[in-house]
Every structure is written in structure tokens, then in C-alpha cells.
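Subject: Structure handover

Hi,

Here is the structure I promised to pass on. Please open it first, then read my notes below.

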Amino acid sequence: MTMQAHVAELERRHQALERELREEVTRPSADDVRIADIKRRKLLLKDEITRLKGATLH
């Protein structure tokens with residue numbers, strides 16, 4: 001897998017988590033622990049994407 005393909009896959013997963021987060025937040029009985037977990041996973045992906053994009057620029 002190329003670096004660009006890997007970044008694209010991470011971005012796809014990040015978007016999937018964004019949709020999951022929106023769904024969870026709009027539920028009548030939203031689970032705060034689940035919301036925090038989704039946000040944590042999104043942040044980890046975002047950090048990895050940023051790191052990889054920075055590595056390709058240097």
C-alpha cells in the first residue's frame with residue numbers, strides 16, 4: 001500500500017467515525033462514554049494523518 005493510499009484509508013475511517021459520532025450525539029439517550037471513545041479514536045486518526053502527511057512533505 002502506498003503512503004497516499006494509507007492516508008486515504010485513514011481519512012475514510014476518520015469520516016466513518018464522524019458519521020458514527022453524529023448518530024450517537026443525536027440519539028435521545030446518547031452514551032457519553034461512547035461519545036468520548038469515538039472522539040478519542042478520531043483524534044488518534046487525525047494525529048496519524050497529520051504525521052504521515054508531514055512525513056511526505058520532507
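Arg27 is partly exposed, with a relative accessible area of 39%. Here, buried means under 20% relative accessible area, exposed means over 50%, and partly exposed lies in between (1.4 Å probe, protein chains only). Glu24 is buried, at 3%.

Before you go on, note that this is a predicted model: local features need pLDDT of at least 70, side-chain atom pairs count only at pLDDT 80 or more, and totals for chains, interfaces and linings use all residues. Residues are numbered from 1 along each chain as its sequence is written, and side-chain values use heavy atoms, with hydrogens and water left out.

Now the charged pairs. Arg27 and Glu24 form a salt bridge, and their closest N and O atoms are 3.6 Å apart. The term covers a side-chain nitrogen of Lys or Arg within 4 Å of a carboxyl oxygen of Asp or Glu. The count by this rule is eleven salt bridges.

Glu24 also meets Arg34 in a salt bridge, at 3.1 Å from N to O. Arg34 sits in helix H2 and Glu24 in helix H1, so this pair ties together parts ten residues apart in sequence. Helices are DSSP runs (H or I, at least four residues), numbered from the N terminus. Arg34 is partly exposed, at 35%.

Another pair is Lys42 and Glu18, whose side chains form a salt bridge at 2.2 Å, N to O. It links distant parts of the chain: Lys42 is in H2 (residues 32-57) and Glu18 is in H1 (residues 3-26), 24 residues apart. Lys42 counts as buried, at 15% relative accessibility. Glu18 counts as partly exposed, at 22%.

Next, H1 itself. H1 has 24 residues and reaches 35 Å from first C-alpha to last, close to the expected 34 Å. That expected span is 1.5 Å times one less than the number of residues. Which residues of H1 are buried? They are Val7, Leu10, His14, Leu17, Leu21 and Glu24. An α-helix has 3.6 residues a turn, so residues three or four places apart point the same way.

Take His14, in helix H1. His14 is buried, with a relative accessible area of 14%. Leaving out residues up to four places away in sequence, His14 touches Lys42, Leu45, Lys46 and Ile49. Contact means heavy atoms within 4.5 Å.

Best wishes

Notes. Helices (H or I, at least four residues) and strands (E, at least two) are DSSP runs, numbered from the N terminus.
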